[in-house]
Amino acid sequence: MLLIIISVLVIFFVTFYFIGVYTTNSFVTEQTEKLIQMAKDQAEEKFNYSEIDSLPPPVQNYFRFAMDESVSKPRFARLKQSGKFKTNLNAEFKDLTAEQYAISNQPGFIWSGDITFAKLIWVRGIDSYFNNEGSLLIKFMSGITISKESGKDISQAQVVRWLLEGVWYPSALLPSENLKWSDVDSTSAKIHFKENDIEINVHVFFNEDGSIAKMKTQRYMTTTAGPKLTGYTGYFSDYRDVNGIRIPTHGEVEWNMEDQDFLYGKFDIDKIEFDNFSMYD
């Protein structure tokens with residue numbers, strides 16, 4: 001009887017686990033397919049320097065650095081990442097691999113990353129923003145939900161992420177109805193982004209060659225007491241040309257807390273493609 005009970009419990013757990021894995025994969029696939037359709041519905045456009053004539057000089061220099069004239073503006077990007085991730089201040093960096101899909105004409109992306117804690121043990125994080133709603137999902141070994149968060153504060157955090165990652169698909173940072181640039185000085189400028197009830201200001205710092213060195217803003221950080229608006233900085237380097245578009249292939253992100261800075265992520269772009277409207281196998 002004991003063996004029967006154990007067998008039933010094992011079967012139940014395995015079934016529950018694989019249902020969770022299937023649900024996770026289905027969510028990623030469904031969201032990505034919606035993003036792909038939104039990107040396909042957007043007309044293809046060529047970048048022209050006349051679009052940036054009224055922008056502050058360092059911003060003009062950035063776009064002249066980042067995109068060749070007449071290059072097609074990326075509508076959709078898919079990329080693979082590897083890197084290191086820290087779950088808290090006292091933890092050690094863990095290996096991370098991830099895939100991401102994003103659109104550029106408005107905030108929209110899904111990121112699925114596996115953080116390895118031990119051999120054959122990992123946690124999957126899924127960040128997404130779609131149709132004005134952000135979510136953060138954490139799954140133990142892809143199948144068992146550890147946490148699931150949403151709401152206005154999470155949406156703000158995901159829009160901040162999309163804005164900072166616009167350096168990977170620079171057309172996302174061109175002026176639009178929701179995004180404006182303002183002058184600060186000869187080496188920096190500010191992005192002012194507003195969509196519905198979300199307003200974000202980003203201070204952007206440029207290198208001498210026009211590339212973006214870092215971006216500073218405020219982002220909601222998940223804490224045990226709930227989301228808290230916290231300083232946030234992204235650093236970018238190792239720029240490379242991808243078919244006429246120059247993007248940073250290394251990035252680091254940190255929380256700027258009141259008493260100290262918390263560098264929690266280091267990411268390398270291993271592969272990126274524009275307007276390849278499909279998922280990775």
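Predicted model: local features only at pLDDT ≥ 70, side-chain atom pairs only at ≥ 80, totals over all residues.
Local features need pLDDT of at least 70 and side-chain atom pairs count only at pLDDT 80 or more, while totals for chains, interfaces and linings use all residues. Residues are numbered from 1 along each chain as its sequence is written, and side-chain values use heavy atoms, with hydrogens and water left out.

The protein chain has three helices and 13 strands; these are DSSP runs, H or I of at least four residues for helices and E of at least two for strands, numbered from the N terminus. The radius of gyration, taken over C-alpha atoms, is compared with a globule rule of 2.2 Å times the number of residues to the power 0.38. For 281 residues a compact globule would come near 19 Å, and the chain has 20 Å, which agrees. Along its principal axes the C-alpha trace spans about 80 × 45 × 35 Å.

Of the 281 residues, 48% are buried, where buried means under 20% relative accessible area, exposed over 50%, and partly exposed in between, with a 1.4 Å probe and protein chains only. The accessible surface comes to about 14200 Å², and 53% of this surface belongs to carbon and sulfur atoms; the areas come from the Shrake-Rupley method with a 1.4 Å probe. A contact means heavy atoms within 4.5 Å. Among contacts with a separation of 6 or more, 51% are between residues 24 or more positions apart.

Helix H2, residues 57-66, is mostly covered, with seven of its ten residues buried. These are Pro58, Val59, Gln60, Tyr62, Phe63, Phe65 and Ala66. Their cover includes strands S7 (179-185), S8 (188-195), S9 (198-206), S10 (212-221), S11 (228-242) and S12 (245-256).

Two arginines can be followed at the level of side chains. Arg161 lies in helix H3, residues 152-164, and is buried because its relative accessible area is 12%. Its side chain makes a polar contact with the side chain of Gln100 at 3.3 Å. A polar contact is a pair of N or O atoms within 3.5 Å; within protein, one must be able to donate a hydrogen and the other to accept it, and residues adjacent in sequence count only if both atoms are side-chain atoms. Leaving aside neighbours within four places in sequence, Arg161 is in contact with Gln100, Phe109, Trp111, Asp127 and Arg219.

Arg124 sits in strand S4, residues 121-130. With a relative accessible area of 15%, Arg124 is buried. The side chain of Arg124 makes a polar contact with that of Asp114 at 2.7 Å.
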